[in-house]
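Here is a short note on the model, point by point. Please read it with the coordinates open.

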Amino acid sequence: MSPLPTLDWTPVCPLDRLDPDRGVAALVDGVQVALFRTGGELYAVDNLDPVGGAYVMSRGIVGSRGGAPTLASPLHKQVYDLRTGRCLDLPGVALRRHETRCRDGLIEVRLRQEE
């Protein structure tokens with residue numbers, strides 16, 4: 001089943017503190033999240049690398065593949081679609097995505113939990 005929102009929106013940081021195409025790690029309701037701004041959009045995924053098992057995704061390399069915004073793991077370079085969290089290199093592997101929004105210049109995240 002698809003992920004469902006589970007918690008309220010949590011303020012994380014001002015939009016101007018997030019450099020384009022650079023990740024930032026944040027602790028949101030006890031969960032390490034990697035936050036990105038690229039192509040005019042905001043994305044949040046778990047900071048845990050599902051392959052390497054380390055909390056490093058905020059240090060990943062932002063790019064694109066086939067027009068999709070992507071994030072490459074800094075450990076083993078698997079590439080993930082930031083829109084879906086799906087790994088483009090390994091079938092069945094994915095990053096958990098979280099909802100993001102910007103309100104009054106402040107980035108907010110709402111965690112999603114797999115059902």
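1. Buried means under 20% relative accessible area, exposed over 50%, and partly exposed in between (1.4 Å probe, protein chains only). On that cut-off, 37% of the 115 residues of the protein are buried.

2. Some ground rules. This is a predicted model: local features need pLDDT of at least 70, side-chain atom pairs count only at pLDDT 80 or more, and totals for chains, interfaces and linings use all residues. Numbering starts from 1 along each chain as its sequence is written, and side-chain values use heavy atoms, with hydrogens and water left out.

3. Secondary structure. The protein has 11 strands and 0 helices. Both are DSSP runs, numbered from the N terminus: helices are H or I with at least four residues, strands E with at least two.

4. Overall form. The C-alpha trace spans about 35 × 30 × 25 Å along its principal axes. The radius of gyration is 13 Å, which agrees with the value near 13 Å for a compact globule of 115 residues. It is taken over C-alpha atoms; the globule rule is 2.2 Å times the number of residues to the power 0.38.

5. Contacts. A contact means heavy atoms within 4.5 Å. Of the contacts between residues at least 6 apart in sequence, 43% join residues at least 24 apart.

6. Gln78 sits between β7 (68-72) and β8 (79-81). Gln78 counts as buried because its relative accessibility is 11%. Beyond its neighbours within four places in sequence, Gln78 contacts Val51, Leu71, Ala72, Ser73, Cys87, Asp89 and Leu90.
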